[in-house]
Amino acid sequence: MFVCLLKVSICKHACPFFPPPLVGDIRTLQWDTDPSVLQLQADSEHGRRMQRLGASKITQVDFLPKEVVSYCKETQTPLTAHLSEEEEEEDEEMMEAKSGPESEQQDEDDNRENKEVLRELTEEERQQILHSSEFQSFFECSIRVMERALAEDSNIFFDYGGRELEDKEGDLGSGSSLSFSRLFYDEHWSKHRVITCLDWSLQYPELLVASYNNNEDAPHEPDGVALVWNIKFKKATPEYIFHCQSPVVSVGFIVLWDNRSHRRTPVQRTPLSAAAHTHPVYCVNVVGTQNANNLITVSTDGRMCSWSLDMLSQPQETMELVYNKSKPVAVTGMAFPTGDVNNYVVGSEEGTVYTASRHGSKAGICEMFEGHQGPVTGISCHSAVGTVDFSHLFITSSFDWTVKLWSTKHNKPLYSFEDNADYVYDVMWSPVHPAIFAAVDGMGRLDLWNLNNDTEVPTASVTIEGASALNRVRWSSGGKEVAVGDSEGRVWIYDTGEVQIHWREAQLSWWPSRWVHGNEKSHQ
Amino acid sequence: MDEYQAEEETAFVVEEVSKIIKESVEAAIGGNAYQHSRVNQWSTSVVEQCLSQLSKLGKPFKYIVTCIITQKNGAGLQTASTCFWDNSSDGSCAVRWENKSMYCIVNVFGLAL
């Protein structure tokens with residue numbers, strides 16, 4: 001070791017015989033070795049030392065930029081489509097020019113390449129391929145199929161029509177009951193986020209979209225997240241993940257995400273302008289038919305906007321919802337009766353409910369319904385279609401621990417359901433059964449009320465273990481499942497063992513006599 | 001046996017160095033928000049603190065300490081580094097620290113004497 005040090009200093013200096021003592025050095029110096037021997041040893045030791053050196057691993061630090069959202073057109077077509085077209089044209093031109101003189105040479109090269117051994121790709125090339133858009137799109141599609149295949153023990157190529165028939169045969173529902181089916185939770189995206197809205201897809205009834213508020217524990221993650229879950233397959237990860245810069249309070253149309261593009265950020269977005277909404281948009285509804293539809297949104301400052309999905313840069317019409325020409329209504333919930341595109345009901349922060357219409361001589365707020373003692377959290381219009389028209393009935397839930405049943409023809413509630421002991425956060429009629437609705441409250445309770453059975457207590461009730469407050473409840477379009485979102489980012493799916501259609505017809509004739517004429521005895 | 005002991009005392013211990021870096025960063029910029037006027041003194045104090053703690057370890061190493069403080073403004077950041085050294089005795093340690101308004105990246109390279 002000592003000799004070693006001596007040699008290093010010798011190599012540095014031109015005169016190797018008496019190297020100066022190194023300042024602050026711990027090791028002692030030896031002087032009795034022949035300089036020439038030292039020189040020889042120096043080289044070999046030095047050489048060995050050099051051979052011991054090698055390259056270390058690369059340490060990298062990577063922080064992703066915040067995606068800046070900016071749009072200057074009303075509709076944004078994907079940029080990559082344009083660019084690739086241009087590139088293709090250019091390539092074609094170049095190919096034609098080169099083809100003449102170089103064709104011979106190219107043939108030779110090709111032959112040579114075929115004879116060459118395939119060389120391994122460098123790290124750079126690998127990364128390039130992995131990040132290319134073709135690979136990304138292929139990968140996105142195939143990982144979904146693979147995940148489903150891995151999670152599923154049944155046939156993943158099963159057919160819709162076949163599945164529905166099977167379910168109906170096995171359904172022994174003789175009333176309403178709640179049984180736990182699934183829990184949707186994503187470690188990365190659902191954690192520490194409150195569920196703000198749920199919606200089932202009309203086109204694919206097994207798809208459910210849930211929107212999430214911001215994650216306060218992770219300030220650099222996007223503020224708003226929407227996940228699309230699939231109840232058909234057993235895989236436990238979301239089908240699609242979408243990000244948004246602001247917390248999402250109602251899903252998913254104020255910002256339009258295009259499933260087909262591979263970006264995870266919104267494709268279109270309404271601008272924040274005085275012409276549209278400047279307050280949080282809590283209610284979003286699509287009304288109309290599949291081909292001719294409008295998006296209606298209402299914000300908490302009482303402004304209602306109607307949008308066309310083709311042009312989100314400005315609303316088609318706006319209206320201030322004002323009752324009796326005084327201050328605007330702070331709307332927290334909105335619902336359209338089935339089949340109606342003009343008249344609707346809204347619930348407000350003050351606890352009052354209003355009917356309103358979009359067009360006509362009485363456009364705007366029509367009537368006021370008083371009854372709740374706290375802000376209205378959820379409002380749902382009767383939706384089951386049958387021989388008798390119940391579309392004038394709607395139910396509301398509120399912070400005052402009650403759910404109330406109303407008719408648009410009377411401005412006092414027809415009935416008040418008072419079985420809850422906490423804020424009732426959401427309520428929704430069953431889309432198929434005329435006497436059933438679901439309600440969720442802040443104690444983690446999911447109630448299923450069947451008005452044919454009992455009006456004092458819910459017919460089926462379940463307190464979801466481990467859940468805190470339940471924020472949203474949504475029936476699937478078939479009425480067989482109920483999706484519940486809680487304040488910790490979890491989506492619970494419950495099967496309701498829904499009754500068959502023919503039962504419904506039998507019940508309808510009995511129902512009106514009990515309710516429509518019951519307003520004199522209505523409870524507050 | 002002496003050799004082994006000698007090796008432990010003269011090896012680059014990543015955990016130890018990492019701990020020193022984290023303490024220095026916390027002490028220097030702990031609960032502060034990014035301020036351009038003070039960032040200068042923060043980065044120098046981080047580097048000086050790290051270096052003095054490392055030299056107090058008494059190991060026969062040469063140290064190189066770098067510190068990067070970036071404001072969180074939506075920009076992306078990418079750094080990379082690699083070394084040509086003796087992999088058995090030399091080492092490096094990188095610590096990434098962040099709060100709501102800034103990132104701090106400290107790199108320490110230790111080269112055995």
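In the predicted model, the interface between the two chains brings 20 residues of chain B into contact with 17 residues of chain A. About 1,900 Å² of area is buried between chain B and chain A, and carbon and sulfur atoms give 52% of this area. The count of salt bridges between chain B and chain A is zero. Polar contacts, by comparison, are found for seven residue pairs across the interface of chain B and chain A, with both residues of each pair at pLDDT 80 or more.

On the side of chain B that touches chain A, two or more residues come from each of strand E2 (77-81), strand E3 (84-86), strand E4 (91-98) and strand E5 (102-112) of chain B. E2(B) gives the most to this side, with five residues. By residue class, the side of chain B that touches chain A holds eight nonpolar, seven polar and five charged residues.

Strand pairing also joins the chains. Strand E1 (residues 53-55) of chain A pairs with E3(B) in the antiparallel sense, over three bridges. Within these strands, Gly54(A) stands opposite Trp85(B), a residue of E3(B).

Aromatic rings were examined next. Over all chains, the count comes to 20 aromatic pairs. One of them is formed by Phe12(B) and Phe61(B), whose ring centres are 5.8 Å apart; the planes of the two rings stand at 55°, so the pair is tilted. Phe12(B) lies in the loop between helix H1 (2-9) and helix H2 (14-29) of chain B, whereas Phe61(B) lies in strand E1 (residues 61-71) of chain B. The two residues are 49 residues apart, and the pair thus links distant parts of the chain.

Technical notes: Residues numbered from 1 in each chain as written. Chains lettered and ligands numbered in written order. Predicted model: local features only at pLDDT ≥ 70, side-chain atom pairs only at ≥ 80, totals over all residues. Heavy atoms only, no water. Contact = heavy atoms within 4.5 Å. Buried area = accessible area lost by both parts, 1.4 Å probe. Salt bridge = Lys/Arg side-chain N within 4 Å of Asp/Glu carboxyl O. Polar contact = N/O pair within 3.5 Å; in protein donor to acceptor, adjacent residues only side chain to side chain. Helix = DSSP H or I, 4+ residues; strand = E, 2+ residues; numbered from the N terminus. Nonpolar A, V, L, I, M, F, W, Y, C, P; charged D, E, K, R; others polar. Pairing = 2+ DSSP bridges. Phe/Tyr/Trp six-rings, centres within 6.5 Å; stacked < 30°, edge-to-face > 60°.
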